[in-house]
Amino acid sequence: MKRFLDLTFGILALIGLSPLIAAVSLIILILDGRPVLFIQDRVGMNNELFSVMKFRTMKNGTPNVAKKELDDPERFTTVFGRLLRKTSLDELPQLINIIRGDMSFVGPRPLIPEEDVIRKLRAKYGVYGVRPGVTGWAQVMGRDSIGDEEKAAYDKEYVERRSLWFDIQILLKTVGVVLTKENMADF
């Protein structure tokens, strides 16, 4: 049922948001050139790698590491990229990941493979038995303000509590978090 809903709403959202996606793509292209999309290996269901798609928010030549590992992430972020991140519009291309079946609307956020501590905790907690999500329980409960152990605990709680109703609650809370910028990094 969840996959059917992801596929149905993913296709509808992609169609409905296509003018916005085209506009954002054009702005990135004009302001900072190619590529428009940032494609990176992430850890997905069954602890397998897949290619996640996002709008590129960092300057060309930025090291391919988690933003928390950059000495000065601010200097690598484009001006338009800051806006995309603050509004979470950089996540829109993940609709394609949802349609392909790599991701779900709700689930644990996909990690980069090098995030060893939280990756091991997630494996221990059985988190990789579900598809990663564009948003998740850990994101709405703390996002950038909590550590790996707490994120993994929220991810475990999500797996244990998952249901359509819980997903709806997380989606609604996500809207609030994005609008208030609660627990989001400054860039």
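Contact means that heavy atoms lie within 4.5 Å of each other. Helices (H or I, at least four residues) and strands (E, at least two) are DSSP runs, numbered from the N terminus. This is a predicted model, where local features need pLDDT of at least 70 and side-chain atom pairs count only at pLDDT 80 or more, while totals for chains, interfaces and linings use all residues. Residues are numbered from 1 along each chain as its sequence is written, and side-chain values use heavy atoms, with hydrogens and water left out.

**Exercise 1. Find the buried side of helix H4 and say what it packs against.**

Step 1. Start with the term: buried means under 20% relative accessible area, exposed over 50%, and partly exposed in between (1.4 Å probe, protein chains only).

Step 2. List the buried residues of H4: they are Phe 80, Gly 81, Leu 84 and Arg 85.

Step 3. Look at their directions (the arc is that of the directions from the helix axis to the C-beta atoms). These residues cover an arc of only 135° around the axis, so they sit on the same side of H4.

Step 4. Now look across from them: the buried residues of H4 pack against helix H2 (18-32) and E2.

Step 5. Check the end of the helix: Ser 88 follows H4 and has a positive phi, near 65°.

**Exercise 2. Work out which residues of H6 are buried and which exposed residues lie on the face turned away.**

Step 1. The buried residues in H6 are Ile 118, Leu 121 and Arg 122.

Step 2. They span an arc of only 100° around the axis, which means that they share the same side of H6.

Step 3. On the face turned away from that buried side you will find the exposed residues Lys 120 and Lys 124.

Step 4. The buried residues of H6 pack against H8.

Step 5. Just after H6 comes Gly 126, with a positive phi of about 75°.

**Exercise 3. Trace the salt bridges of Lys 54, Asp 90, Glu 91 and Arg 109.**

Step 1. Here is the idea behind the term: side chains of opposite charge can pair when their charged atoms come close. A salt bridge is a side-chain nitrogen of Lys or Arg within 4 Å of a carboxyl oxygen of Asp or Glu. The structure holds 9 of them.

Step 2. Lys 54 pairs with Asp 90, and their closest N and O atoms are 3.7 Å apart. Lys 54 lies in strand E2 (residues 49-55) and Asp 90 in the loop between helix H4 (79-87) and helix H5 (94-100), so this pair ties together parts that are 36 residues apart in sequence.

Step 3. Glu 91 pairs with Arg 109, with closest N and O atoms 3.2 Å apart. This pair also links distant parts of the chain: Glu 91 is in the loop between H4 and H5, and Arg 109 is in the loop between strand E3 (104-106) and helix H6 (116-125), 18 residues apart.

Step 4. Check their accessibility. Lys 54 is buried at 13%, Asp 90 at 4%, Glu 91 at 13% and Arg 109 at 12%.

**Exercise 4. Describe the salt bridge between Arg 122 and Asp 155.**

Step 1. The side chains of Arg 122 and Asp 155 meet at 2.7 Å, N to O.

Step 2. Arg 122 is in helix H6 and Asp 155 in helix H8 (residues 148-161), 33 residues apart, so to speak of this pair is to speak of a link between distant parts of the chain.Step 3. Both partners are buried: Arg 122 has a relative accessibility of 3%, and Asp 155 has 2%.

**Exercise 5. Find which residues Val 159 touches beyond its sequence neighbours.**

Step 1. Locate Val 159 in helix H8. At 19% relative accessibility, Val 159 counts as buried.

Step 2. Leave aside the neighbours within four places in sequence: Val 159 is then in contact with Gly 126, Val 127 and Val 130.

Step 3. For a distance, take Tyr 128, 31 residues away along the chain: the C-alpha atoms of Val 159 and Tyr 128 are separated by 9.1 Å.

**Exercise 6. Describe the largest cavity and its lining.**

Step 1. On a 1 Å grid over the protein atoms alone, a cavity is a set of points where a 1.4 Å probe fits but cannot get out, and a pocket is an open set with protein on both sides within 12 Å along at least five of seven lines; lining residues have an atom within 4 Å of a point. Grid points are joined across faces, edges and corners, and a volume is the space filled by probe spheres set on the points.

Step 2. The structure holds 1 cavity of 30 Å³ or more, and the largest cavity has about 40 Å³ of space.

Step 3. Its lining includes Arg 109, Arg 122, Val 127 and Tyr 128.
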